[in-house]
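Take a look at the two chains below. The questions that follow work through how they meet.

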2 protein chains.
Amino acid sequence: MGKLSLSRRGFLGGVGLAGFGAAAGAAAAAAATSEGTPRPSPLGDAVPFYGRYQAGIATPAQDRLAFAAFDVKTTSRAELVDLLRTWTAAAAAMTVGAAVPGDSTSLDAPPADTGEAMDLRPAGLTVTVGFGASLFDSRFGLAGKRPAALADIPHFPGDLIRPEISNGDIGVQACSNDPQVAFHAIRNLARLGRGTVALRWSQLGFGRTSSTGEGQATVRNLMGFKDGTRNIRGEERELLDRHVWVGGGTDQAWMRDGSYAVTRRIRMQIEAWDRDFLADQQDVIGRYKASGAPLGGHGEFDTPDFAATRADGEPVIPVDAHVRLASHEQNGDLRLLRRGYSFTDGIDPASGQLDAGLFFIAYQQDPRRQFVPLQRKLAQSDALNEYITHTSSAVFACPPGVPGKGDFWGQALFS
Amino acid sequence: MGKLSLSRRGFLGGVGLAGFGAAAGAAAAAAATSEGTPRPSPLGDAVPFYGRYQAGIATPAQDRLAFAAFDVKTTSRAELVDLLRTWTAAAAAMTVGAAVPGDSTSLDAPPADTGEAMDLRPAGLTVTVGFGASLFDSRFGLAGKRPAALADIPHFPGDLIRPEISNGDIGVQACSNDPQVAFHAIRNLARLGRGTVALRWSQLGFGRTSSTGEGQATVRNLMGFKDGTRNIRGEERELLDRHVWVGGGTDQAWMRDGSYAVTRRIRMQIEAWDRDFLADQQDVIGRYKASGAPLGGHGEFDTPDFAATRADGEPVIPVDAHVRLASHEQNGDLRLLRRGYSFTDGIDPASGQLDAGLFFIAYQQDPRRQFVPLQRKLAQSDALNEYITHTSSAVFACPPGVPGKGDFWGQALFS
């Protein structure tokens, strides 16, 4: 398969007269399923869409994020199911770099695909869907299907959560190495959903950057510190099974092989942070800023020595350091799979300061025993709290992967 | 010079103990001046900072934009000059991938550099500065130095300009192939300016994407059309001299070899656009969506045939098509150097629709005879007006390039 066929260029060739013959081939290639950790696909930079698990969870984090939450506007269960079918087919196509299925070449109709990703490669696109607690109200007969783990996230001390950018019936995470590809995916799903769903909130983010030239080097967040050093990696299948994928013990069989996503928009008071001394910044995080090594250690991936003390008897890693409070060693082996993306949303009119920070996404088996107790502890004691504010919160039950063509997201929930 | 020295990693090595020795070498390399069009620098993906013209104007557009406008808060001319000196030195350093000058390793002080670009390459960073009309009021004794070409941009039919995200005393355009590098530049300039200037507004954008795999392929805007096909290119020196660089005829000698930047945040009603038929979309733009060829033509770079008529006698390219109204053939050879970036700023709470569009930057010799008459014509007649709204407007007088180390932006204005 030549290079050209990796791009969307072939699908709307010439001056708008070519058909979608090429797209069929690409869609067929996407049917290759992924068991466990997604592998590099034969389509160059495409990530397999179909599989046991949804892509975009254990997939190594792409560079860019476009996240959107939707509210369902129809009260028809059939319309909702139809939309999920349509969305699934569209996501499968976009994931291999094809256009949204349908006619994009008829002159006397709106093109099925909006077109801004027409010349672009798949760019590692993943589209990951989750259902919010509000979807399980009385509208669609799903009340009895709500998993106990899909509990509302409680209020934590210091939270300044804005309801209008929180929660939602359906959450969609699009990740890609190209921001235009990620945005194109969200935009086209929003468009396909018009009349059935409405956008509730959205968030763009950027992360691992292309210019490190070092592949999987740990990205720095906007505090200037490496973030994600101790994260679960896509190839750590045993850790994924233990902490991320929903197993046989779930109260709702439709969530088996799914995962729960908690999203938090974490605004950083970066102006205050920037005035802080380097020593204090390092004590707040518990790591050296330059190397990323834990305080007292030498390499980024050294295990933090939480018992080490200085000559004056104080711990080398302070008792309220973020890395200590968040560590699995200090939390009974509690772990989360994080996909954090930096955001910058212009200037906060209230303060005149940059509205920037981290859009935190954590995948887990059960937020009630993972995110919630961990965040309760952090909200109480983390030295970082002086410099951050959580302004948005959501939790979504992400169903298992779509097995193959013709299946759809959440099929088992509606059957 | 090895690969590692291209990144900022060397500048804050080890566990925070290494000095800035490496930075000195990098800064020296940046002193290589650029006459005319910036050339690829010996520092890999660094664009030369010093030169006759400011970089970031004729430089081929990088992938990402961070733009900020500042208002000056001091009334001291000396403080303003000091800041421009400091900013110039910081930009020169960041442009070669070095940290902001100063001490970033002392434990008992805030680091001079915020650190989030520490491991990243220069990534083509350019920082371009311009002065708004308001800087030439009575505060700094500059009233007599205001160029006539720095006239206020008038109101055009259909404009919905929000003053709080328009104009400003100083505009700073940071472009890079890495969003974190672009943001890092703006953030560190804002930080260095604290107390002297305050952020007024900012805008992020993305453009030419990394995944086309085709180098200088024309980027598509969020309408799905190729945008910039007929733009002036960095190597077209004769066109730059004629339309972009301020020449000897200027009323203010300090602007010689400078340029005027007009910025317009153009919101697209993309939901309405997405419902439009392909034939109508193509008639509105005057090009085929897929190929980018002008209507009636075959290749993207074909010269539009504005005289061609269909069998029914109507012009092939409609009289109100954007490409016709904006063409230099139909405007007495009027041209602009455009650097447009797509933006997506979440959801407009008023409409529930995506707040997305094009952040348009145009460089030119004199907005009074370039942008203003062109926009007056477009605002009256352009078929595109049905789908766009201008929500921010600014004009900045961008001084010539900084000749060498020790010089600063706008030096001739203040001497």
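Two residues are in contact if their C-beta atoms, placed from the backbone, lie within 7 Å. This is a predicted model: local features need pLDDT of at least 70, side-chain atom pairs count only at pLDDT 80 or more, and totals for chains, interfaces and linings use all residues. Residues are numbered from 1 along each chain as its sequence is written, while chains are lettered from A and ligands numbered from 1 in the order in which they are written.

Q: Which residues does B:A185 touch, not counting residues up to four places away in sequence?
A: Residues up to four places away in sequence are left out here. B:A185 then touches B:A66, B:A91, B:M94, B:L125, B:V127 and B:A174.

Q: How many residues does the contact take from chain B?
A: Both chains take part in the contact. Chain A gives 61 residues, and chain B gives 61 residues.

Q: Which element gives the largest share of the side of chain B that touches chain A?
A: Helices (DSSP runs of H or I, at least four residues) and strands (E, at least two) are numbered from the N terminus. Among those of chain B supplying at least two residues each are β4 (197–206) and α3 (179–192). The largest share, seven residues, comes from α3(B).

Q: How are the two copies related?
A: Copies are superposed by least squares on the C-alpha atoms of residues with pLDDT of at least 70 in both. A rotation of 180° with 0.0 Å of shift along its axis puts chain B on chain A, at RMSD 0.0 Å. The copies are thus related as by a two-fold rotation axis.

Q: In chain B, which residue has the C-alpha nearest the axis?
A: This C-alpha lies 3.6 Å from the axis. The residue is B:D345.
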